[in-house]
Amino acid sequence: MTATTGRAGRREWTGLAVLLLPTLVLSMDMGVLFFAVPYISTELAPSGTQQLWIMDMYSFLLAGLLITMGALGDRIGRRRLLMIGAAGFTGASLLAAWSGSAEQLIAARALLGVAGATVMPSTLALIRNMFHDPKQRQVALGAWGGVLTAGATLGPVAGGLLLDHYWWGSAFLVAVPVMLLVLLTAPVLLPEYRTAALPRPSAGGTGTPVGRFDLPGAALSLAAILPLVYGVKTLAVDGWNPLPALAAAAGLLFTGAFVWRQRTAANPLIDLGLFRIRTFSGAISVNTLAMFAMMGFALFTSQYLQLVKGMSPFTASLWSLVPSVGVGAAIGISSALAGKVRPAALMGGGFVVGAVGFAMMTQVGPHSPLALILTAAGVLAAGTVGTMTMTAEMVVSAAPAEQAGAASATSETAVELGSSLGIALLGAAGAAIYRHQLDGALPAGVDGTAAGTARDTLGGAVSVAAHLPGRLGPDLLETARGAFTDGLHVAAVVGLVFALGAAVLAHRLLRHLPTTTAPAPAPAPTPEQQPAAV
């Protein structure tokens, strides 16, 4: 970087390539597992609740720890935290690949979430530290966002390709060589940065020295998220039970305690004054709901292609790329209309389009043509992704310049939490309907352990049907696939309601924003606001 212009040079752009590698792996890590679910159901025989935890544990811990790890990186250095996370992600990936039980795989996914939370905020913060020129920074952040999107798209394809040739654990090994490369190159190509001050806009933005790390706040953030999610999911799948109900109530209490702690602590993890900025809170809310809707149905689509249509993982992953055509068109249309239509109207319209996709999903049955679910998934994704293209820049530009890092970490947390809640709640609704429909409807020759396995998941039913004699196997498959699509319909109705509610929310929270072609560049930080280069 030249001292006279502050423009990034070759080293910074090469360092950006290093930062994009773990970003790609983290965005792939959820999708790469979608097509492994049937194999995991066969090999590890998880219950319905355990299967949801296998899918969700990574993202929930990632969401719960992003802000915590961002604050930790301020104190120990962003590059150091990145390397710690890369090493942890490597070890956890190896543990997940050779898990011998559902409980061990859930624990490995939890470790992956912790490690991922140290990597994600570090990549974005280092990009902001390395690129001071507004135009160069915009290009770098655009590349970062593009890699996130590409990873979410390529994850299922990579998982399907591996599962066609290797065992299910191979899906986790994709991260190992990438993270090892990061560990080798980061000390050479990435600078180290620590924050010298933590300005708080609610306190005037003058900045205070970095104080003691808020360990109680970090503990409360996890204590708020995990029991709440556990309670909601367990109640949805297994019905009323005092234990998950108490867990959900405890999660709500800890949420209140976390908010109180952040309002009163001398050095909070996040300044809640950011949420008093209407554009910031509105963009965060819209982005969370968009991820809830889109990711909540991704798991249904992948299982439908494999377990209802009988496709191999790789074939299913290739067909799942078809909706991305609509997504690409939606991004282009949103960019073209951004300077002509108010953000509230554009985002509200996107959610209405997503609601149409959910409505189409309610018409999908076990024998529906393949084009129906692919078109519905494309319409759903196009509407929701079209809204998300606008929110990232809104979050950064709405917050004070000195709080851009905290604003970005909060946005990432909302995205992860929205996607995880979508998978958890819509998945729990579908699983509950599946089990309810199968109770008493199984063929007479299926009983005992086989009946319990078939009632837990559709993957379990497919595995059991393969070993039944005569017509029992086909009859069980027909019943189980019908129950699965019934659950899909209920989840689609829930998604439809959320999409329409999000359209109303976008209009109410963001209607004050005028039509604009692009946000003005943020003013240069003052010397007190600059991060200290180590």
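Predicted model: local features only at pLDDT ≥ 70, side-chain atom pairs only at ≥ 80, totals over all residues.
Local features need pLDDT of at least 70 and side-chain atom pairs count only at pLDDT 80 or more, while totals for chains, interfaces and linings use all residues. Residues are numbered from 1 along each chain as its sequence is written, and side-chain values use heavy atoms, with hydrogens and water left out.

A cavity is a set of points on a 1 Å grid over the protein atoms alone where a 1.4 Å probe fits but cannot get out, and lining residues have an atom within 4 Å of a point. The structure holds three cavities of 30 Å³ or more, where a volume is the space filled by probe spheres set on the points, joined across faces, edges and corners.

What lines the largest cavity? Of its 16 lining residues, Q51, Q303, G427, G430 and A431 are the closest to the centre. Helix α15 gives the most, four residues; helices here are DSSP runs (H or I, at least four residues) numbered from the N terminus.

Now for the second largest cavity. Its lining is V25, M28, D29, V32, A171, F172, V174 and A175. Helix α1 (residues 10-31) gives the most to that lining, with three residues. By class, seven are nonpolar, none polar and one charged (Ala, Val, Leu, Ile, Met, Phe, Trp, Tyr, Cys and Pro count as nonpolar, Asp, Glu, Lys and Arg as charged, and the others, Gly among them, as polar).

Terms used: 1 Å grid on protein atoms, 1.4 Å probe; cavity = no way out; pocket = protein on both sides within 12 Å on 5 of 7 lines; lining within 4 Å. Helix = DSSP H or I, 4+ residues; strand = E, 2+ residues; numbered from the N terminus.
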